[in-house]
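Q: Could you walk me through how to read a few features of this model? I am new to it.

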Amino acid sequence: MMLENYYPISFPYYETGFGDDLYAAKWGMRLQFLDLNDPSLEPFPKQHFALIGFKSDKGVYINNGRVGAVTAPSTIRPHLANLPWHLGKEVQVYDVGNIDGPNCSLADLQESLTKAIIRMKDLNLFPLVLGGGHETAYAHYKGLDSAWSKEKAVGVINFDAHFDLRPYDETGPNSGTGFRQIYDDCKAQGKEFAYFVLGIQEHNNNLFLFDFVAKSTGIQFLTGSDMYLMGYQRICQELDAFIAQQEAIHLTIDMDCFNAGSAPGVSAPQTLGLDVNLAVLLMQYIAASGKVVGVDIVETSPPHDVDDHTARLASTLFFYLTRILVQSH
């Protein structure tokens, strides 16, 4: 079945020339293009990475946020291409293109991304998803969970200033409802939704959400203040307890988990926020568990950025995560 609203990369906007000299190679010299609609593709014998963009911030618009994340995949890619290659000669990163459809509904685009993720997993490709608004994560999760096809739901670790557990009966699904949708889907399937949020800012979440979390088993969180007081080792202990209960983990990173000084170009800029160095170390610690099956980075909003600072940070997160993921899989 052909994927809908899917567009493979059709032009080499990365640095041209293949980088045989690994000591000098950059990502853009090692990346290759792949068309997921190519019927001749066979599953790769070894797992490789695949970049896919979700060019939509319709959920941000519905949620009354600052639109602009639709352009993030195109803005992040060149910065990622300019980073040094540290993944060796056996690992390949494919750019498989984008899910895009300005005239399509959010639900249609999410369904297209879900099917693309399933296709990628069938090919033994590890998804690296470039959002888009945080509505990206719901579609990504559905693809991972379907491909995983276990009795137990895939667990989610989310770096975010917001729970994104809002009810959606009045507004419809948006960038702030994705994990409530996952919660509801799991409940309908008789599964418990295992969800751990790191970086919650209390002033960004109303009491309804804290009450919902308090009454829901399987959901836990650390506020930004908690993390500041606890430090790396104690946070890792909390993560150990959560990760031990999961068979597979979906890692999702909302760039608004950082303060505006580190990530000014986001849909919802933060006056407070996580320290970037601590967050990177924690993300790598999670990746080292060997249980992460997909990563998405969302809510970069280039029109509101300063010198592409947030886009550069997003590309840097992929750089540090993939180095650990290569060793843990």
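Q: Where does Asn37 lie?

A: Happy to start there! First, this is a predicted model, where local features need pLDDT of at least 70, side-chain atom pairs count only at pLDDT 80 or more, and totals for chains, interfaces and linings use all residues. Residues are numbered from 1 along each chain as its sequence is written, and side-chain values use heavy atoms, without hydrogens and water. Helices (H or I, at least four residues) and strands (E, at least two) are DSSP runs numbered from the N terminus. Asn37 sits in the loop between β2 (32-33) and β3 (48-55).

Q: Is Asn37 buried or exposed?

A: Buried means under 20% relative accessible area, exposed over 50%, and partly exposed in between (1.4 Å probe, protein chains only). At 14%, Asn37 counts as buried.

Q: Which residues does Asn37 touch?

A: Contact means heavy atoms within 4.5 Å. Leaving out residues up to four places away in sequence, Asn37 touches Met1, Met2, Leu3 and Tyr6. Its side chain reaches the backbone nitrogen of Leu3 at 2.7 Å.

Q: How many disulfides are there?

A: A disulfide is a covalent bond between the sulfur atoms of two cysteines; the search takes sulfur pairs within 2.5 Å. Across the whole structure it finds zero. For Cys257, the nearest cysteine sulfur, that of Cys236, is 16 Å away. Cys257 is buried, with a relative accessible area of 0%.

Q: How many residues of helix α3 are buried?

A: Eight of the 10 residues in α3 (residues 72-81) are buried, including Ile76 and Leu80. The buried residues pack against α1 (27-30), β3, β4 (93-100), β5 (125-131) and α10 (309-328).

Definitions and conventions:
A polar contact is a pair of N or O atoms within 3.5 Å; within protein, one must be able to donate a hydrogen and the other to accept it, and residues adjacent in sequence count only if both atoms are side-chain atoms.
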